[in-house]
Amino acid sequence: VLGGAVQSDESVRRGQLTVNEAAERFIAALDLGRRHPGARIILSGGSAALLNPGAPEADVTKAHLVRLGLEPDSLLVENRSRTTA
């Protein structure tokens, strides 16, 4: 699941999931995880900030997907990428 949907710093600050116009990525990950419980889902997304990087997006996404019922072991995290390039 490509990052870019979860506003990680804002989500951490508010203590609730904050998404943007790419929210379908998060919703699709949740849907796939529920329909295919044995599948592994890779969450990609670090912090785009050069100075004072906050929480990596993939880590925040995983925390919220687990809170919504997905198994932590089914979610693999790649949290160092800063861009899709």
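Student: Which backbone oxygen does the side chain of Ser74 reach?

Tutor: This is a predicted model. In it, the Ser74 side chain comes to 2.7 Å from the backbone oxygen of Glu71.

Student: Where is Ser74 placed, and is Ser74 buried or exposed?

Tutor: Buried means under 20% relative accessible area. Ser74 has 11%, so Ser74 is buried. Its place is in the loop between α3 and β2. Leaving aside residues up to four places away in sequence, Ser74 touches Ala39, Arg40 and Ile41.

Student: How should I read the buried residues of a helix such as α3, and which residues are they?

Tutor: An α-helix has 3.6 residues a turn, so residues three or four places apart point the same way. In α3, which runs over residues 57-67, the buried residues are Glu57, Ala58, Val60, Thr61, His64 and Leu65. They cover an arc of only 160 degrees around the axis, and therefore lie on the same side of α3.

Student: Which residues of α2 are buried?

Tutor: Phe26, Ala29, Leu30 and Gly33. Their arc around the axis is only 95 degrees, which puts them on the same side of α2. Their cover includes β1 and α3. Exposed Ile27 and Arg35 are carried on the face of α2 turned away from its buried side.

Student: What length does α2 reach?

Tutor: With 12 residues, α2 reaches 16 Å from its first C-alpha to its last, close to the 16 Å expected at 1.5 Å a residue.

Key
Residues are numbered from 1 along each chain as its sequence is written. This is a predicted model: local features need pLDDT of at least 70, side-chain atom pairs count only at pLDDT 80 or more; totals for chains, interfaces and linings use all residues. Side-chain values use heavy atoms; hydrogens and water are left out. Buried means under 20% relative accessible area, exposed over 50%, partly exposed in between (1.4 Å probe, protein chains only). Helices (H or I, at least four residues) and strands (E, at least two) are DSSP runs, numbered from the N terminus. The arc is that of the directions from the helix axis to the C-beta atoms. A polar contact is a pair of N or O atoms within 3.5 Å; within protein, one must be able to donate a hydrogen and the other to accept it, and residues adjacent in sequence count only if both atoms are side-chain atoms. Contact means heavy atoms within 4.5 Å. The expected span of a helix is 1.5 Å times one less than its number of residues.
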